[in-house]
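Dear colleague,

Please find below the structure that I am handing over to you, with its sequence. My findings follow directly after it.

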Amino acid sequence: MGAGAAQRVADAVGAFLEGPVPVRIRAWDGSEAGAAPGPGVPTVVLRSRRALRRLLWEPGEMGLAHAYVSGDLDVDGDLAEGLSAMWTLVNAGTVTKRRPGLSEIPGLATKAARLGLIGTKPAPPPEAIRIKGRLHSRRRDRDVIAHHYDAGNAFYSLLLDDSMAYSSGYWTSEDSTLPQAQHDKLELICRKLDLAPGRRLLDIGCGWGSLAVHAAREHGANVRAVTISREQRDQVNARIRAEGLAGKVQVDLLDYRDVAERITATDGPFDAVSAIEMGEHVGDEHYPTFAATLHGALRPGGRALVQQMSRGANAPGGGAFIETYVTPDMVMRPVGDTLTFLQHAGLEVRDVHVMREHYVPTIRAWLATLEEHFDEAVSLLGERGARMWRLYLAGGALAFEENRMGVDQILLARPTDRGRSGMPATRDDWAVRSRTEAGKPGT
């Protein structure tokens, strides 16, 4: 159909583009216009006039996010494919913004009035959080973590695999499943840290205890774990009891800035220290303190492993949507800048393992689980909350795939006074091979 609201929208949008409208538009009255249907052409579904007002008031990422989360806008079919198609079109230069001529403005104003675009700015959905307080103050950090990680253990148990690992897996084979990829990631970390029975690990920002439990159960390590999320602390304690690991794993509700005084000074030093996708929440101002905490907790000759998201020198990193809906204050910097912070703290960088591509199948596996159990997610989070997670995961997978975001495992050592690191000469000691190569998981 060429008539109706969709055609009026396409005409209005076309005034700002050089070339044809690159997407199919379906409007609230059922009409369609724009690009012809076909592979790689997403269909943008405008469920109400409010979607257009959102885009008019906030063109770009945030207007689209508000419209999608609120349910005013949809992408027909696979959301990730739709986002990819639109991003590719923009990057390829197919869509170029232009200024309408003076003679066009009266006509555009009339079209805007007919489409119901004249009005006040729509309020953002309540899922768009407002965090108060000084950046990276203790209270603000607690509020940020509580918003995202205290969404409910029931939801994360639905989304994640049994390991409860909420970080990139390590996909050693095309035939790997998410549980296998997470097992292999945890095994890789433990081998890089040279964990063995009786050795002591400090896990900073322990999440739901995936690494702490794996290190104690599979390698016999004694683990001290910290988090500032009450939901996570309670879940880890439940796992410790269920797996009979009392006395092997202890979890504390503690800010990383208190680790030196409350743990290292009394129970340190440790043989190994880990921080798995926690350093993104620290920020540039406090990262030297974080790095010094890692160094101070290690015995000379001990090892640390930081798995952390990064961005390219000219890439946006998390972007406005993540900052507004998911994890405000998250800092993604080029990995080289993070290495500088760690080296200044006295740690020696021994290995940098780029794992960007591994995050793509990890997030897509989470997204597939969310889609399979979407009604249950709605019952836990509400319709807007579930849609926010769908958009977050679909966009996140795309960002890693297109190299706008990365993730790296950084292996570090605290050398002795004589400069000895205790590291092996090759990486063979920590290699985790695929099941096809090794014959069984994690070997």
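In this predicted model, the axes of helix 3 (residues 61-70) and helix 13 (residues 319-326) come within 8 Å and cross at roughly 45 degrees. An angle under 35 degrees would count as roughly parallel and one of 65 to 115 as roughly perpendicular; helix 3 is therefore oblique to helix 13. The crossing of these two helices is right-handed. Helix 3 contributes Glu61, Met62, Ala65, His66 and Val69 to the contact, and helix 13 contributes Gly319, Ala320, Phe321, Thr324 and Tyr325. Sorted by class, the contact of helix 3 with helix 13 comprises six nonpolar, three polar and one charged residues.

A second pair of helices is formed by helix 16 (residues 374-381) and helix 17 (residues 383-401), whose axes come within 7 Å and cross at roughly 120 degrees. Helix 16 and helix 17 are therefore oblique to each other. Helix 16 passes helix 17 in a right-handed crossing. On the side of helix 16, the contact is made by Phe374, Ala377, Val378 and Leu381; on the side of helix 17, it is made by Glu383, Gly385, Ala386, Arg387, Trp389 and Arg390. The classes represented in the contact of helix 16 with helix 17 are six nonpolar, one polar and three charged residues.

Helix 8 passes helix 9 in a right-handed crossing. His183, Leu186, Glu187, Ile189 and Cys190 of helix 8 meet Ser210, Leu211, His214, Ala215 and His219 of helix 9. In the contact of helix 8 with helix 9, five residues are nonpolar, four polar and one charged.

I turn next to the backbone. Most residues other than glycine have a negative phi, and most peptide bonds are trans.

- Gly268 and Pro269 are joined by a cis peptide bond, with omega at about -5 degrees. Pro269 belongs to the loop between helix 11 (259-267) and strand 8 (270-276).
- Asp194 has a positive phi, near 60 degrees, although the residue is not glycine. Asp194 is placed in the loop between helix 8 (178-192) and strand 5 (200-204). With a relative accessible area of 34%, Asp194 is partly exposed.
- Glu277 likewise has a positive phi in a residue other than glycine, near 50 degrees. The loop between strand 8 and helix 12 holds Glu277. Glu277 has 8% relative accessibility and so counts as buried, the cut-off for buried being under 20%.

Which residues does Tyr287 touch, not counting residues up to four places away in sequence? They are Gly279, Val282, Val306, Gln308, Arg333, Thr338, Phe341 and Leu342. Tyr287 is in helix 12 and is buried, with a relative accessible area of 0%.

Is Thr289 buried or partly exposed? At 38% relative accessibility, Thr289 counts as partly exposed. Leaving aside neighbours within four places in sequence, Thr289 is in contact with Tyr256 and Arg257. Thr289 and Ala260 are separated by 29 residues in sequence and by 10.0 Å in space, C-alpha to C-alpha.

Finally, some values for the protein as a whole. The protein has 18 helices and eleven strands. Of its 443 residues, 53% count as buried. Among the contacts in the protein with a separation of 6 or more, 73% are accounted for by residues 24 or more positions apart. The protein exposes about 19600 Å², of which carbon and sulfur atoms supply 50%.

Yours sincerely

Definitions and conventions:
Residues are numbered from 1 along each chain as its sequence is written. This is a predicted model: local features need pLDDT of at least 70, side-chain atom pairs count only at pLDDT 80 or more; totals for chains, interfaces and linings use all residues. Side-chain values use heavy atoms; hydrogens and water are left out. Helices (H or I, at least four residues) and strands (E, at least two) are DSSP runs, numbered from the N terminus. Buried means under 20% relative accessible area, exposed over 50%, partly exposed in between (1.4 Å probe, protein chains only). Contact means heavy atoms within 4.5 Å. Accessible areas come from the Shrake-Rupley method with a 1.4 Å probe; for residues, only the protein chains shown count as cover. Axes are lines fitted to C-alpha atoms, for helices over the stretch in contact, and angles run from 0 to 180 degrees between N-to-C directions. Angles under 35 degrees count as roughly parallel, over 145 as roughly antiparallel, 65 to 115 as roughly perpendicular and the rest as oblique. A crossing is left-handed if the near helix is turned anticlockwise from the far one by less than a right angle, and right-handed if clockwise. Ala, Val, Leu, Ile, Met, Phe, Trp, Tyr, Cys and Pro count as nonpolar, Asp, Glu, Lys and Arg as charged, and the others, Gly among them, as polar.
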